[in-house]
Amino acid sequence: MPGPESNGIPDSPLARMHPMAKIVGVCSLGLATLVWPDFTLGLGIIVMLFIAAALARVLRPFSGVMLGFGIPVTLMLLFIQGCYSPRNTKVILDLRFAELGLEGSLYAAKIVVTLLVFLGSFYLTNKTTYMGRLVAALTQIGVPSKIGYLILASLNVVPQMQRRIAIIEQSQHARGLETGGGLISRARAFLPLLGPVVLSSLTDSQERGMTLETRGFGIRGVRQTSYLEVVWRRSDTVMTILFTVFLVLALMLACLSRAGMITLAIQWGGRA
Amino acid sequence: MSARSLWRGITAQFSTKSLVLIPIAVGINLIGGTLSSTLKLPLFLDMIGTTVIACLSGPWVAALCGLLTNVFLALVANPVYLPYALSSVLCGLVIGYMVKAGLFKRIWGVVLVWLACALVNTVTASLITVLVYGGATGVNGTSVLTAALVVAVKNIVISVLSSSMLENLIDKGITVLIAYVIVRRIPKRFLSQYALDGSEDQADLDDLDEDEDEDGHEAAGASSQESSSQPVKVDIGAEADRGSSPGTPADLGCDHTQGSER
């Protein structure tokens, strides 16, 4: 199903990787950060993600997302958890109205780092994968093709509805609908804009349903073939094994350090 | 045995017609969000489609629709929205079963749906915010409210809960009201193909819709976008006017919330 997404992806090792291998990567990196006792591992992974983004030639939007999300959430959580976490005992900074506690700050840092690892790896996967390939890969491993259709159709329907709503907005403007002014008048403009979109989309869906039925969408017991072939290469196997080994290692080390048998991380004066 | 019949009931909801509706409903959800941000309303309004599809095809389809909406939001907007899929799914189920129980036919039922939906969303979304994100996500104004409340009451869980409750009561009230108006606008010829305990619903919609029936057909039949949007728009305006004049509880609630936002 060719779409606008097929053009926007620059060719890179990451883009050629099998989508399932990337999903394994997202899970293993995220879980490893989650189980690690403090934020140092996550910080390392984030640096790696930035390098990967540079290799995949999506560094600019990637850093935009990471900073655009990372900075506000760090400030928020440092404020909420750092100043008001119930487990704060050691004060590291005395603001006039509140005290910044060590334990809460460490906890906030851990959460932010985990979130950024998940967000970053997910975003990279998303930016370097053509959705059609992802869905083809999903159906390969046995996800029902109807689910695949739902994902792809949702992706296609939304831009289509946005075009439609632009048309409706213009025509309602032409009839004298005000979309500016105070809150009440803006709220009143909501329904005349939304109603026509919804109703025309619903009638549209009727046609879609019939079209799909005539092409045998509802047939049972037949394995649908895919237009796109996704090849699993040797490098994908290597990457999947690497990711799994990494996750297992991180899990073991985290367990050992929790049990107090080895000290991994820098001692921050208190457990985060 | 009962589990099997329940499962059969669930799979029966996923006919091709319902499956085709899901992307549309996901689109409506997202369009609601986009519209409210272009009109600069301080709301999400991203559950209109889920509510409409809950009325058309049943609870489990609505749940799947909620899940897909959040997956889509995570794909195109921000992965932060992914964990909140849980609250969308639960809301879809709750609305679906309440509609199935016939609550969407009367005004007090709609108010109940609104309250239940707001409650479910408040509890699950706050739990996710606290457990996954430690108190704030930083993606909307609610986080600022939470931070302000933390300063006031010095308790993270309570402040997240109360800011989320305030936001949800307003947001879901308007969402449910809009969905209610839309569902009553849908021509009954269209509704009849989705078998959601068909006969009762149809009888009820018959007496609700008798005067606008012709317009509905006209809207369904017209091929061009402009000409089809005209009669529908007029209808909705008339409906809103007529609905607000007797001062029904749902409308009072809506007026109240809009007043309080100001």
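Which residues does A25(B) touch, not counting residues up to four places away in sequence? Select A25(B): the residues in contact with it, meaning that C-beta atoms placed from the backbone lie within 7 Å, are G49(B), T50(B), V52(B), I53(B) and C65(B).

The model is predicted, and local features need pLDDT of at least 70, side-chain atom pairs count only at pLDDT 80 or more, while totals for chains, interfaces and linings use all residues. Residues are numbered from 1 along each chain as its sequence is written, and chains are lettered from A and ligands numbered from 1 in the order in which they are written.

Next, select α3(B), residues 48-57; helices are DSSP runs of H or I with at least four residues, numbered from the N terminus. Just after α3(B), G58(B) has a positive phi of about 110°.

Now display the largest nonpolar core, which has 82 residues; such a core is a set of buried Ala, Val, Leu, Ile, Met, Phe, Trp, Tyr and Cys residues joined through C-beta atoms within 7 Å. I22(B), A25(B), V52(B), I53(B) and C65(B) touch the most other members. Helix α4 of chain B, residues 59-76, gives the most to this core, with 12 residues.

Finally, select the interface, where 58 residues of chain A are in contact with 54 residues of chain B. On the side of chain A that touches chain B, α8(A) supplies the largest share, 24 residues.

Note on methods. A residue is buried if 20 or more other C-beta atoms lie within 10 Å of its own, exposed if 12 or fewer, and partly exposed in between; C-beta atoms are placed from the backbone. Helices (H or I, at least four residues) and strands (E, at least two) are DSSP runs, numbered from the N terminus. Two residues are in contact if their C-beta atoms, placed from the backbone, lie within 7 Å.
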